[in-house]
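Colleague: Could you take me through one part of this model closely, strand by strand and then on to the aromatic rings? I'd enjoy a connected account.

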Amino acid sequence: MGRLANRLFGGWRGDRRIWRRGLVLAALAFLVALVMLLHAQIPNVIGNLGSLTETFLPWLGLCVPVLVLLALARRSATALIAVLFPAIVWLNLFGGLLGDKAGTGGDLTVATHNVNADNPDPSGTARGVAASGADVVALEELTTSAVPVYEQALASTYKYHAVEGTVGLWSKYPLTGVKAVDIKLGWTRAMRATVTAPAGQVAVYVAHLPSVRVKMEAGFTARQRDKSADALGEAIAHEKLTRVVLLGDLNGTMNDRALNGVTSQMRSTQGAAGSGFGFSWPASFPMARIDQIMVKGIEPESSWTLPETSSDHLPVAARVNVATSS
């Protein structure tokens, strides 16, 4: 350790330029910190730049070790001190996600999975999700031809199920009050049902918000997603049951301001009771958590991602406590 420190800093003694070198690196460090600190102020007017930044905001933390290495290479004390600023801001924003907050309680396990319309193995995907032990499973991006395959594969585990458009809900407990939820698309990609669990009734919403695209000429195109998110939030706000669970692919993260209509009234199970970021997409190298489990009037106990299936998304699951919730 001493040799390493001597190698890195030995030539710094007596070098007065360590405070004058690396001013550009110091400026970059402050810029990264400001982007993280003021991300909510980045406008969405041009290419939804604010939402794009917020989608991948945690990854800005990678700038910190890069800047540290560059500061060491430049032998700049000024740059090294400046790097503390983005490091502190990142830890303030995301440090709470690094620990394991999972509890051991809970009386209802839920899971959600965007199964991918082009899934080559829907039966295997269904069995993989069912193996999680979830009491309630939501599936998104169902095709007409694949629905019977999922129904057959899940029939032995889940006695009750309902499908509305391209989303479906499978449950070990009775489903009532099943209906489509209008999210202003012109076709059905969201639904609502009451699950009568042993600990009480829970309103379960399943949603697949429109996809977003990053285009060179248009930036982060998400107008339809944002409109649907507002409609979904409105539906949840008018829910009569006090215990609510939202399962689905929202094509956005909890940091994305465009989902405020939903996120402002619900808690993320991953943020409240998970371990790490719980990234779910893309399955081959997860970079963002766009598949969400959120609750209202229910206490999250644990939250996790499930093993990869034949989909381009990872399934996510959570265990919640219904009995002690209001």
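Modeller: Happy to! Strand β1 (residues 108–114) runs parallel to strand β2 (residues 136–140), and the two are joined over five bridges. Two strands count as paired if DSSP finds at least two bridges between them; strands are DSSP runs of E with at least two residues, helices runs of H or I with at least four, numbered from the N terminus. Please keep in mind that this is a predicted model, where local features need pLDDT of at least 70 and side-chain atom pairs count only at pLDDT 80 or more, while totals for chains, interfaces and linings use all residues. Residues are numbered from 1 along each chain as its sequence is written, and side-chain values use heavy atoms, with hydrogens and water left out.

Together with helix α6 (residues 122–130), β1 and β2 form a right-handed β-α-β unit: with the strands pointing away from the viewer, the path from the first strand over the helix to the second runs clockwise. β2 has another partner in strand β4 (residues 167–171), this one antiparallel, over five bridges. Here E140 stands opposite V167.

How well covered is β2? Five of its five residues are buried, which means under 20% relative accessible area, with exposed being over 50% and partly exposed in between (1.4 Å probe, protein chains only). V136, A138 and E140 point one way from the strand, V137 and L139 the other, and all are buried.

Now for the rings. The structure holds seven aromatic pairs. Rings of Phe, Tyr and Trp (its six-membered ring) pair if their centres lie within 6.5 Å; planes under 30 degrees apart count as stacked, over 60 as edge-to-face and the rest as tilted. In one of these pairs, the ring centres of W90 and F94 are 5.7 Å apart and the planes meet at 50 degrees, so the pair is tilted. Both residues sit in helix α5 (residues 77–94), four residues apart, about one turn of the helix, and both are buried.

W90 has a further partner, F277: the ring centres are 6.2 Å apart with planes at 55 degrees, so this pair is tilted as well. Because W90 belongs to α5 while F277 lies in the loop between α10 (269–273) and β12 (291–296), the contact ties together parts that are 187 residues apart in sequence. W90 has a relative accessible area of 14%, whereas F277, at 21%, is partly exposed. Ring pairs link W59, W90, F94, F277, F279 and F285 into a cluster.
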